[in-house]
Amino acid sequence: MELLTLFFIVLIAAGLGLLIQWLPMRHQPMPTYPQRAPFLGGGLPETHAWNRYHVRYYPMTLLLIAFEMEMMFMYPWAVVFVEQGMKAVMEMGMFLAILSVGIVYGWREGVFKWQ
Amino acid sequence: MAVSWLSRLAAQATVPVFPVRGMHGEPVLHRLALAAGIELVDSPRHASILLVAGGVPPDQHDALRRVHDQLPTPFATLWYRSEPLDELAGATRVDDPDALPEALKTIHRELMSGKRGSSPRLLPDEPPNPWEGLGDDGHGGEGMMGGVPYGRPMAMNMTDDIRDGLTLDSLTVTLGPFLPMLPPGLTAEVTLQGDLIQSWTTHSAPYPIALESAFFQALQGPVPIAELERARARYHLKRLHFGLRLAGLERLALEALRLAFEPHPGQNRVMALRRRLVRSGFFRLTTTGRGRLDENQARRVGGIAARAAGLEEDWRSGDEGYRHLNFRPLTQREGDTAARWHQTLAEIEQALQLAGQAERDAVHTRRSDGVETPRGPWGEYRPEDASGVLEELLPGLEWDEAMSTLASLDLAPLSPWSLEETSEAPVPTSVEERRA
Amino acid sequence: MIVSELILPVLLVTFVLVLGAYLVAVLDEAIAGALGMPRATSVWTAPLTQGAWLLTQQANATEAPDWRAWRLAPALYLALAAIGLAVVPFSPTLIPTDLVTSVVLWGSVEALATVVIFLHGWSANTLLALIGAYRYVALGLSYILISMFVLIGVALPAESLQFSQVVASQEGLWNVIRQPLGLPLFLIVGLGMTFWGPLNLADSRDLAGGTASAVSGPPRLVWNLARAAMLVAFSGAAASAFLGGWLGPWLPGPVWMLLKMLAVLAVLLLIGRLVPRVQPERCVTLMWVVFLPLSFVDLIWAGVEALL
């Protein structure tokens with residue numbers, strides 16, 4: 001039931017978002033080509049903007065994957081944490097310590113820089 | 001019924017204005033920034049009025065037409081001390097800065113109520129390249145990347161990136177002359193890889209900027225130093241306004257602008273502004289130690305940029321009047337964006353302090369063979385356009401760094417007209433004439 | 001049954017979202033006025049008149065946008081805000097959807113927000129929007145871990161991943177005192193999710209509006225609305241996780257909840273007006289090198305504290 005309610009909430013919010021756009025726009029003609037040109041302060045581009053974009057923080061995204069995997073363990077761990085007591089603290093502490101070394105190493109290697 | 005109710009509500013909205021900054025148009029935009037009920041927006045898509053502030057040279061009329069056509073309907077144009085384009089001969093023109101805010105509000109109200117029609121489109125409704133029905137799939141494309149899908153070619157690149165040597169696509173665009181982040185009038189062909197600037201070629205120089213008449217009088221004979229220094233402080237405060245607004249510090253930007261409009265801005269208020277700026281994290285969060293000028297470049301730009309790079313070049317050191325006030329040029333060492341803002345703030349404070357001292361002792365300048373303008377020394381020649389330095393400085397900078405570097409640099413040539421006479425100044429006809 | 005479990009939650013979420021978004025605009029306008037920025041119309045009507053103007057303005061198009069993605073992105077961002085608010089408890093009984101894994105769901109809202117904001121900038125196919133989009137991803141990938149660790153921190157004493165349990169676990173002492181690092185770190189996440197103020201890397205001034213630079217009219221209205229709604233949803237999550245949600249003397253639970261949400265909003269909007277936009281590269285470094293290790297400290301602190 002909860003999921004069904006959530007589903008309806010998503011449906012209504014997204015529907016509202018589309019409706020507010022669609023209702024006033026349904027009779028509007030397509031803007032002219034000069035209007036559709038990208039705004040560059042009066043200048044023009046030579047090409048489309050879509051390209052093989054040079055994402056400059058790619059090493060950081062790899063580091064993120066390591067952490068995201070760790071999160072999977074963390075959710076169940078959070079629920080049983082109090083039951084397990086000090087043992088759970090030590091385990092996660094060690095885990096985080098190892099990951100922290102990774103961050104420090106990454107920082108030293110310039111992982112967070114725009115390459 | 002419902003629609004009229006909506007437009008009546010829309011008529012009361014804060015008027016979103018996209019300013020086209022023409023020649024000598026800056027002062028009125030500063031006044032508008034402080035006016036209530038008007039918002040100066042950064043993109044023509046967010047505006048209901050295109051305000052052309054100041055003259056636009058004819059060779060940039062095409063760019064003006066393109067910006068004009070990028071406003072969504074309904075929109076209107078307003079021309080401040082500027083001749084409307086031939087096609088828009090009937091458009092409203094206002095020359096009185098005091099009447100401008102009201103005129104903008106009236107136009108917006110009339111637009112919303114339907115009393116005034118939307119400005120017509122000026123350019124023909126044609127794609128940049130014909131594409132419909134052409135090419136392999138009828139969308140103009142050929143093969144994987146060829147042709148002109150939907151009117152434009154796809155980006156392609158065969159050169160290595162300057163930072164990490166990868167070969168990905170680069171985009172080449174022409175920026176300006178009316179991009180709000182660039183100095184007014186500056187046009188450049190820029191190649192970007194990702195958000196990093198690969199190359200920058202300045203096509204046309206920024207429009208000349210006008211100084212207060214005090215600086216012109218200083219070349220004729222002695223002028224009170226107090227007057228000169230206050231004019232200097234006002235000039236730099238206005239630059240500071242631009243830089244802070246770009247950095248997302250609207251409140252402090254307005255504070256700087258308000259100080260610039262005061263006849264006798266207090267030195268303690270500038271010091272308070274500097275303290276708040278440091279506390280907000282402006283220097284630590286928005287600058288990265290990039291945008292550094294070497295000695296040659298710093299000398300070419302002159303003024304604040306030179307002193308921020310450690311060059312003790314200041315015409316005032318040679319003036320008896322200033323020596324009497326114990327004037328000593330301030331300098332920074334780094335020569336980067338942060339250093340230039342530190343220098344700007346320090347020079348504003350220094351100027352106000354000198355002004356206070358000079359007023360007490362009624363000190364006048366003694367030399368009239370030259371003057372230190374806020375833009376650099378004006379001896380035999382007026383400070384000229386220095387935007388050429390961008391071609392060496394900006395490549396390798398990320399977009400945000402490039403824009404904040406640009407904001408911290410003052411590159412425009414000085415206008416032969418003083419601020420007080422700009423309303424009579426003619427608009428040059430071409431780029432060449434502006435350079436000369 | 002249908003009324004209490006379906007219609008009431010839907011109405012509640014829609015109402016709080018719309019009213020909240022309006023209040024965000026009013027509050028931001030009021031703060032701007034208090035800080036000395038020129039404002040003409042009254043703060044109460046300003047958001048309405050601006051909205052009305054956007055509804056009458058023509059929707060812009062670009063030369064070859066990804067139409068579906070471009071129109072969907074604002075609507076999806078709004079939907080994400082609605083999901084976020086749906087898991088926020090207003091009282092022990094008044095919870096739109098009381099999922100047992102609501103904290104996990106909130107985490108996924110944060111992750112998907114990055115996708116939607118990227119899509120908004122990318123699909124326009126214009127340079128400035130594209131830069132805004134890619135730049136935002138760097139921020140989105142950086143704040144998400146901080147948020148995870150901080151939220152796990154509040155789940156520890158509750159022994160549950162359910163927001164209502166998290167609130168209940170704060171009966172004795174609110175998490176804002178019990179885990180002092182938690183709320184400040186979570187506020188940074190909030191600014192990131194809504195690219196507000198110092199973390200406005202997506203729609204910033206140096207990009208002439210970034211992902212929104214090519215948008216006008218109704219789509220822009222929805223985008224602004226969704227952004228404000230996301231702030232509201234975030235304030236709900238922050239109030240439940242750190243400020244004891246509905247807990248408080250004298251007043252009824254939902255009133256306390258709304259007051260706390262308003263307090264969180266006021267703090268966020270104030271930060272937005274006082275701190276400059278952080279340079280993207282510096283932002284990523286700050287997130288990973290300063291705030292992420294701080295969130296580790298917060299988690300270990302929370303763990304040790306939960307056992308004492």
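Which residues are buried in H8(C)? The list is C:Gly182, C:Leu183, C:Leu185, C:Phe186, C:Ile188, C:Val189, C:Gly190, C:Leu191, C:Gly192 and C:Met193. The model is predicted.

## Helix H8 of chain C

H8 of chain C runs over residues 182–193 and has twelve residues. From first C-alpha to last it reaches 17 Å.

Ten of the twelve residues of H8(C) are buried, so the helix is largely enclosed by the rest of the structure. After H8(C) comes C:Phe195, with a positive phi near 35 degrees.

Take C:Ala238, which sits in helix H9 of chain C. Is C:Ala238 buried or exposed? C:Ala238 is buried: 26 other C-beta atoms lie within 10 Å, and the cut-off for burial is 20 or more.

Leaving aside residues up to four places away in sequence, C:Ala238 touches C:Leu183, C:Phe186, C:Leu187, C:Gly190 and C:Val264. C:Leu183 is 55 residues from C:Ala238 along the chain. Their C-alpha atoms are separated by 7.3 Å.

## Where chain A meets chain C

How many residues of chain A are in contact with chain C? The count is 56, and they meet 64 residues of chain C. Four helices of chain A each supply at least two residues of the side that touches chain C: H1 (2–25), H2 (33–36), H3 (58–84) and H4 (86–108). H1(A) gives the most, with 16 residues.

By class, this side of chain A has 43 nonpolar residues. Ten are polar and three are charged.

## Chain B as a whole

Chain B contains 16 helices and 14 strands. Its radius of gyration is 24 Å, close to the 22 Å that the globule rule gives for 436 residues, so chain B is as compact as a globular protein of that length. Along the principal axes, the C-alpha atoms of chain B fill a box of roughly 80 × 60 × 45 Å.

Of the 436 residues of chain B, 54% count as buried. Consider the contacts in chain B between residues at least 6 apart in sequence: 66% of them join residues at least 24 apart.

Methods. Residues are numbered from 1 along each chain as its sequence is written. Chains are lettered from A and ligands numbered from 1 in the order in which they are written. This is a predicted model: local features need pLDDT of at least 70, side-chain atom pairs count only at pLDDT 80 or more; totals for chains, interfaces and linings use all residues. The radius of gyration is taken over C-alpha atoms; the globule rule is 2.2 Å times the number of residues to the power 0.38. Two residues are in contact if their C-beta atoms, placed from the backbone, lie within 7 Å. The expected span of a helix is 1.5 Å times one less than its number of residues. Ala, Val, Leu, Ile, Met, Phe, Trp, Tyr, Cys and Pro count as nonpolar, Asp, Glu, Lys and Arg as charged, and the others, Gly among them, as polar.
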